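Here are my notes for you, written as numbered points. Keep the sequence and the 3D view open while you read.

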Amino acid sequence: PKAATTVRAGSWERWRLVNAANARILNLQLADAKLVQIGTDGGWLPGPAPTAQLQLVPGERADVLVHFEGAPGSVQHLRAAAYDRGHGMITPDFDLLEVRYTSQAPATEPDPTPTQWPTITPLVVDGPTHDLQLGEQMTMAGGAMQTTFTINGQAWPKVTPVAGKTGRTDLWQVANTTDMAHPFHLHGFFFQPLTRDGQPLPLAWKDTIDVPAKSTVRLAVRYADHAGMFPFHCHILEHGEAGMMGMLDVAP
């Protein structure tokens with residue numbers, strides 16, 4: 001049966017959205033509703049971000065305020081619009097959630113958008129730059145073609161760790177050389193996205209970010225006060241399983 005929820009016209013809800021799909025990139029839309037993103041992977045945004053469409057890659061999270069503006073008795077759907085991941089892998093439109101408006105008179109709830117927001121201080125890079133190239137290789141195995149996904153030409157588990165140090169902030173340049181999107185996920189730490197193909201990205205604390213085909217993202221990664229080994233990988237799980245995973249070695 002289709003998932004469903006009942007709402008009252010004019011009411012507000014706060015939704016914590018998590019893309020728990022194995023590979024689907026979700027472009028979320030909800031007709032007759034106002035969407036205001038207030039948070040992401042690592043907590044609050046520095047201010048409200050109204051949006052008509054919210055993209056979440058596998059593993060990505062978002063906090064959203066939803067104002068239901070449909071007519072009493074109507075039905076809408078939280079919908080994932082079609083998305084082309086590359087290599088002809090197109091996710092078609094599909095409905096995730098049925099939103100049923102009650103027949104009651106519209107509510108008159110006040111706008112809950114906060115008036116005060118936390119300050120996010122931009123990180124200052126004081127460490128080295130790490131260039132990470134996301135690639136793929138086609139080989140023959142047992143008479144069949146096999147795809148291996150790589151980072152800097154290396155496939156997990158035979159990888160050279162990135163070297164970090166507690167308290168330091170490094171610049172990571174993640175370049176996707178392939179013809180398909182790769183959601184990049186770092187364990188253990190949050191980062192601040194800087195640019196995608198030279199264009200500034202919104203200030204936020206994240207641990208997951210989309211790296212579309214033939215694009216480059218720049219990330220400021222601060223290693224907090226915990227040392228150890230931490231993986232990073234494509235969050236399309238079969239890509240990580242097929243080699244696109246590396247290790248971060250943070251020294252005290």
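1. Let's start with the lining of the largest pocket: by class, it has 13 nonpolar, six polar and five charged residues. Here Ala, Val, Leu, Ile, Met, Phe, Trp, Tyr, Cys and Pro count as nonpolar, Asp, Glu, Lys and Arg as charged, and the others, Gly among them, as polar.

2. Before going on, a word on what you're looking at. This is a predicted model, in which local features need pLDDT of at least 70 and side-chain atom pairs count only at pLDDT 80 or more, while totals for chains, interfaces and linings use all residues. Residues are numbered from 1 along each chain as its sequence is written, and side-chain values use heavy atoms, with hydrogens and water left out.

3. Back to the pocket. About 510 Å³ of space lies in the largest pocket. Of its 24 lining residues, Q37, T40, E60, P202 and K206 are the closest to the centre. On a 1 Å grid over the protein atoms alone, a pocket is an open set of points with protein on both sides within 12 Å along at least five of seven lines; a cavity is a set where a 1.4 Å probe fits but cannot get out; lining residues have an atom within 4 Å of a point. Grid points are joined across faces, edges and corners, and a volume is the space filled by probe spheres set on the points.

4. Which strand gives the most to the lining of the largest pocket? That's β5, with four residues. At least two residues each come from β4, β5 (43-51), β6 (54-56), β7, β17 (191-196) and β19 (208-211). Strands here are DSSP runs (E, at least two residues), numbered from the N terminus.

5. Now have a look at β7 (residues 61-68). Eight of its eight residues are buried, so this strand is largely enclosed by the rest of the structure. Buried means under 20% relative accessible area (1.4 Å probe, protein chains only). In a regular strand the side chains alternate between the two faces of the sheet. In β7, R61, D63, L65 and H67 point one way, and A62, V64, V66 and F68 the other.

6. What does β7 pair with? Strand β2 (residues 12-18) pairs with β7 in the antiparallel sense over seven bridges, and R16 has D63 as its bridge partner. Strand β4 (residues 33-40) is also antiparallel to β7, over six bridges; there, L35 is partnered by V66. Two strands pair if DSSP finds at least two bridges between them.

7. Next, an open sheet of five strands, in the order β1-β11-β8-β3-β6 and with mixed pairing. β1 (4-7) and β6 stand at the edges with a single partner strand each, so one side of each is left without a neighbour in the sheet. Strand β3 (residues 26-30) runs antiparallel to β6, joined by three bridges, and L26 has L56 as its bridge partner.

8. There's one cavity of 30 Å³ or more, and the largest cavity holds about 40 Å³ of space. Its lining is made up of W15, L17, L28, L35, L54, V64, V66 and L78. β2 and β7 are the elements that give two or more residues to that lining. By class, the lining of the largest cavity has eight nonpolar, no polar and no charged residues.

9. Finally, find T148 in strand β13 (residues 144-151). T148 is buried, with a relative accessible area of 16%. Leaving aside neighbours within four places in sequence, T148 is in contact (heavy atoms within 4.5 Å) with G135, E136, Q137, A155 and A242.

Notes:
Buried means under 20% relative accessible area, exposed over 50%, partly exposed in between (1.4 Å probe, protein chains only).
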